[in-house]
Amino acid sequence: MKDEIYIKECIELAQKGIGKVSPNPLVGCVIVKDGKIISKGYHSEFGKDHAEVNAIKNAKGVDLTGATVYVNLEPCSIYSKTPPCCDLLIEKKVSRVVCGTKDYNPLINGNGIKKLRKAGIDVKVGVLKDECLRLNEKFFKYVKTKMPYVTLKIAQTLDGKISSGYYDKNKISSLEAQKYVHRLRLENDAILVGSGTIKKDNPYLTLRHVKGRQPYRVILNSNFDISLKSNVLNDDFVDKTILIVSNNSYKNKIKMIDKLINKGVRVYPLKLMRNDLFDLYEVLELLAKIEISSVLVEGGSKIFTQFVLQKCFDEINMFISPKIYGKGIFSIDPEINKYINLQFKKYNYKLIGDEILFNGKI
C-alpha cells in the first residue's frame with residue numbers, strides 16, 4: 001500500500017513537467033529512507049537533469065545507502081543528453097527501486113531494471129502500472145512507432161456543426177472549455193490546422209489561458225495560398241510555425257518561401273495523393289523526424305474528415321455545445337459513412353462549462 005502512495009506522488013510530481021520535457025517522458029521521483037521521505041524531484045525541462053538526479057541533488061548530501069527510490073518510469077540505462085540514472089543509483093548504494101512501469105523505449109525496454117538487479121538492488125515493477133502508462137501514453141507511442149500521438153479536438157453544436165458558414169463573432173465553446181483546450185495545447189508538441197482555418201479565422205494558435213512552452217503550429221496548405229500577413233507567419237512565435245506545401249507549390253513559389261524561411265518559418269514540401277490531398281501518414285512521419293511526438297488537430301472540417309478517413313488519430317476530444325445551427329459546416333463530412341465505420345474502444349463523458357466533453361480512444 002505504501003508503494004502505491006509513493007508512486008502516486010511520483011505521478012503528481014511528474015505532471016509538473018507537462019509542456020516542458022517532450023519528447024522526453026514525464027517522470028517524478030521520491031526517495032524514502034527509514035520510513036520517511038527524504039527527497040523528491042522531477043524532470044523539469046528537456047535536456048536537463050532527470051527526476052532521479054534532481055531528487056538526489058535535493059537530498060543535499062544525505063547518505064542514501066539502503067534507501068528506496070520510487071519512480072513512475074524505469075530509470076534510464078543509456079547516455080543521451082544526460083548520463084544513465086541507473087549508474088547514479090548504483091553509485092549511491094540504494095537498496096530498492098520501485099517503478100510504476102518499464103520504459104518501452106527500444107533503447108531501454110527493461111535494460112535499466114536488469115542493470116539495477118545485476119548490481120544487487122531489489123527492483124519492483126508494475127505499481128499503479130495503468131496510471132503510469134496513461135501518464136506517458138504519447139511518449140510510448142512515439143518511441144515504439146516513431147510516429148506522433150494524434151488527438152483530434154472538435155468543438156461542435158448538437159447538430160454537428162463547427163460553424164454557421166458565416167463569420168461567427170461568438171465562439172461555440174464556453175470560456176471553461178476554451179481553457180481546457182489551451183491545457184490540451186500545452187500537453188502536445190504541435191497544433192495542426194488546415195489552410196482554411198488560417199484564411200477564415202486568422203488565429204494565433206498560441207497558449208493564453210495556461211503558461212508553458214509554446215507548441216509548434218503546423219499548417220497544411222498544399223497550394224501555398226494563405227496570406228503572408230497571417231498572424232502565424234508574423235507574430236513573436238514565427239519560428240514555431242511549420243508550413244507544409246505540395247512539391248509543385250514549393251518549386252513555383254520559391255521566392256515567397258525564401259522570405260518565410262528567412263523569418264524563421266519552416267517550410268516542407270510533400271507530394272500529394274491522386275485526390276490532391278496530403279497523405280497524412282507522410283505528414284506525421286515528417287513531424288516525427290523533427291521530434292514532434294504529439295499533435296493536437298484543431299480543424300477544420302476537411303482536416304478532421306481526412307484524419308478520420310485515413311485513420312491517422314489515436315484520440316478525440318469532442319466538445320458538444322447546447323446549440324443548434326441548422327445550416328452550417330459539419331465537423332466531419334456526413335458522406336464519410338460510405339467509407340468508414342469506427343468504434344471507440346475506450347470512451348467517457350464529462351461536463352466542461354456548458355459543454356459535454358466526449359473523449360474517445362480507438
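# Exercises on contacts, cores and salt bridges

A search of the whole structure finds 18 salt bridges, a salt bridge being a side-chain nitrogen of Lys or Arg within 4 Å of a carboxyl oxygen of Asp or Glu. The model is predicted: local features need pLDDT of at least 70, side-chain atom pairs count only at pLDDT 80 or more, and totals for chains, interfaces and linings use all residues. Residues are numbered from 1 along each chain as its sequence is written, and side-chain values use heavy atoms, with hydrogens and water left out.

## Exercise 1

Solution. 

Step 1. Set the classes: buried is under 20% relative accessible area, exposed is over 50%, and partly exposed is in between (1.4 Å probe, protein chains only).

Step 2. K48 is partly exposed because its relative accessibility is 45%. E45 has 37% and is therefore partly exposed.

Step 3. Helices (H or I, at least four residues) and strands (E, at least two) are DSSP runs, numbered from the N terminus. K141 has 22% relative accessibility, so this lysine is partly exposed. D314 is at 18% and so is buried.

Step 4. K161 is buried because its relative accessible area is 5%. D159, at 22%, is therefore partly exposed.

Step 5. Beyond these pairs, a network of salt bridges links D3, R96, D122 and K124.

## Exercise 2

Which residues of helix α6 are buried, and against which elements do they pack?

Solution. 

Step 1. Helix α6 covers residues 137-145, and its buried residues are K138, F139, F140, Y142 and V143.

Step 2. Contact means heavy atoms within 4.5 Å. The buried residues of α6 pack against the strands β3 (68-73), β4 (96-101), β6 (149-157) and β12 (294-299), and against the helices α5 (129-135) and α11 (280-289).

Step 3. After the helix comes K146, with a positive phi near 60°.

## Exercise 3

Describe the surroundings of V127.

Solution. 

Step 1. V127 lies in the loop between β5 (122-125) and α5.

Step 2. With 7% relative accessibility, V127 counts as buried.

Step 3. Leaving out residues up to four places away in sequence, V127 touches D3, E4, I7, V98, C99, G100 and C132.

Step 4. I242 is 115 residues from V127 along the chain, and their C-alpha atoms are separated by 40 Å.

## Exercise 4

Which members of the largest nonpolar core touch the most other members, and which element gives the largest share?

Solution. 

Step 1. A nonpolar core is a set of buried Ala, Val, Leu, Ile, Met, Phe, Trp, Tyr and Cys residues joined through side-chain atoms within 4.5 Å.

Step 2. The largest core has 33 residues, and L192, L220, I244, V283, L287, V297 and F307 touch the most other members.

Step 3. Elements giving two or more residues to this core include β8 (190-194), β9 (216-220), β10 (241-246) and α12 (301-309). The largest share, five residues, comes from α11.

Step 4. L287 contacts P148, L192, V218, I242, I292 and V295, leaving aside neighbours within four places in sequence.

Step 5. Apart from this core lies another, of 26 residues, among them V97, L116, V123 and V143.
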